[in-house]
Amino acid sequence: LCIGSFARFCRCALSLGGCSGAAMPKGTGRIVIDPFTNGLLTTLFGLEVVAVFAVLLALPGALPAGCPLTGPQAFAALAVTCLALFPLIGLVKLIAGHACALLSRTALAHLGDPVAKVKTRNKLRDQSWQLTIHSAMTALEAYILFVDGGGEHWLDDYRSLWTPHPHQQVNSKRSVHLLYLLQMAIWIVTCASHRFLEERHKDYVMMYVHHLVTIALFALSYGFNFVRIGTAVIFLHDSSDIVIDLLKMANYLKLEGRRGGFLVEGTFAATLGVWAYTRLYLYPVRIVWQGVWYGSREVVTAPGAYGMDGFTAAAGSPFTRGHSPGAKLGDGSFDLWANLRALPTHATLPGYWACGSLLTALLVMHVIWYMLLWRLLFRSVLGQTLHDGGADEYEGGSDDDHED
């Protein structure tokens, strides 16, 4: 139901004010969101949260093997973590707000006290929380992928994602389950904050959709025990978000040009490079294509694989679904299209179409955001500063707009 509603929403949202679903009446400097779109998204958010907590209570077998908690314990842990995040967010924003205000009045006074405006200061505080959480989660994810237990090959070998089958995997690393608990709580709280607390930007609707898709992906990947590929996905996103957080904060502080140490220009260039590698290469190639659409079917439906005996017996051969006699997993001989024709759905591929579609939807958002970055670069070539271009394209109003 949620996936179908999401698809209908996408068609609706993309027809509202370009692809943002947000408009800014001329001269007001205020972002106005279409009420129907906002109401639909908020309803979907509420349904997602209710579904997540209800599953933990009503379906004790929903947690993957290796989880150290029972369903009710996970329910309580998630609820407590969500509640604990709100004061933590407030503390981080309070400290960041005072620190940046002091920096703005002293070391950056020559730039005209860039965060004197309440709106700008609030945006900077919001971004400071994002930087904090992205940095902390990247550290935990890097620990899981490269340190804990000798590290994993989930980013560079898609066979390790699906061997053994997720139904048989016992992910005993407590760090993995801690990561999922923290991330689910963070995204629920982030989505609530995005809707009810934070300053709004021109990409408000697309970010709202992004948060909803992310929550759905976390729930699906954990429920189906797809935690290996889930961890890799989270790492690519969180690590690449650090540079965008730094870029936005440098932009709010007007740290551009010689007077600002070219920090906006430097972080902008870093963002272009990091996003191109992580979100437009590693993510679509290693995750979306090799990890999900192609690789999962190659490994999970291979001859002799878990749960495939019945299909093989009915077909009369283990080589009727895209695999060649004598071939090895990962050698490139797998025929995905033959596999799709023979086996469009199967019990050993739970969530294949749902997870693949949601991950692809995230990829589309990556492309849109990356095009926005290049649009900003083009405008800077034509003579507009990156700070002013960012205000026009993303912020929904100049820092010079009257407020307070």
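Which backbone oxygen lies 3.3 Å from a polar atom of the side chain of K173? The backbone oxygen of I144 does. The legends below describe a predicted model, in which local features need pLDDT of at least 70 and side-chain atom pairs count only at pLDDT 80 or more, while totals for chains, interfaces and linings use all residues. Residues are numbered from 1 along each chain as its sequence is written, and side-chain values use heavy atoms, with hydrogens and water left out.

View 1. Helices are DSSP runs (H or I, at least four residues), numbered from the N terminus. K173 counts as buried, at 14% relative accessibility; buried means under 20% relative accessible area, with a 1.4 Å probe and protein chains only. Leaving aside its neighbours within four places in sequence, K173 is in contact (heavy atoms within 4.5 Å) with I144, D148 and E152.

**View 2. Packing of helix α4 (residues 118-146) with helix α6 (residues 174-196).** The axes of α4 and α6 come within 10 Å and cross at roughly 160°, which makes α4 roughly antiparallel to α6. Axes are lines fitted to C-alpha atoms over the stretch in contact, and angles run from 0 to 180 degrees between N-to-C directions; those over 145 degrees count as roughly antiparallel. The crossing of α4 and α6 is left-handed, a term for a near helix turned anticlockwise from the far one by less than a right angle. Residues of α4, including W129, I133 and M137, meet residues of α6, including L179, L182 and I186. By class, this contact of α4 with α6 has ten nonpolar, four polar and one charged residues. Ala, Val, Leu, Ile, Met, Phe, Trp, Tyr, Cys and Pro count as nonpolar, Asp, Glu, Lys and Arg as charged, and the others, Gly among them, as polar.

**View 3. Packing of α6 with helix α7 (residues 204-223).** Here the axes are 10 Å apart and the angle is about 155°; α6 and α7 are therefore roughly antiparallel to each other. α6 passes α7 in a left-handed crossing. Among the residues making the contact are Y180, W187 and H194 of α6 and Y204, H211 and F218 of α7. The residues of the contact of α6 with α7 divide into 13 nonpolar, eight polar and one charged.

View 4. Leaving aside neighbours within four places in sequence, S104 is in contact with A109, D113, P114, V115 and A116.

Terms used: Helix = DSSP H or I, 4+ residues; strand = E, 2+ residues; numbered from the N terminus. Parallel < 35°, antiparallel > 145°, perpendicular 65-115°, else oblique. Buried < 20%, exposed > 50% of the residue type's maximum accessible area, 1.4 Å probe, protein only. Polar contact = N/O pair within 3.5 Å; in protein donor to acceptor, adjacent residues only side chain to side chain.
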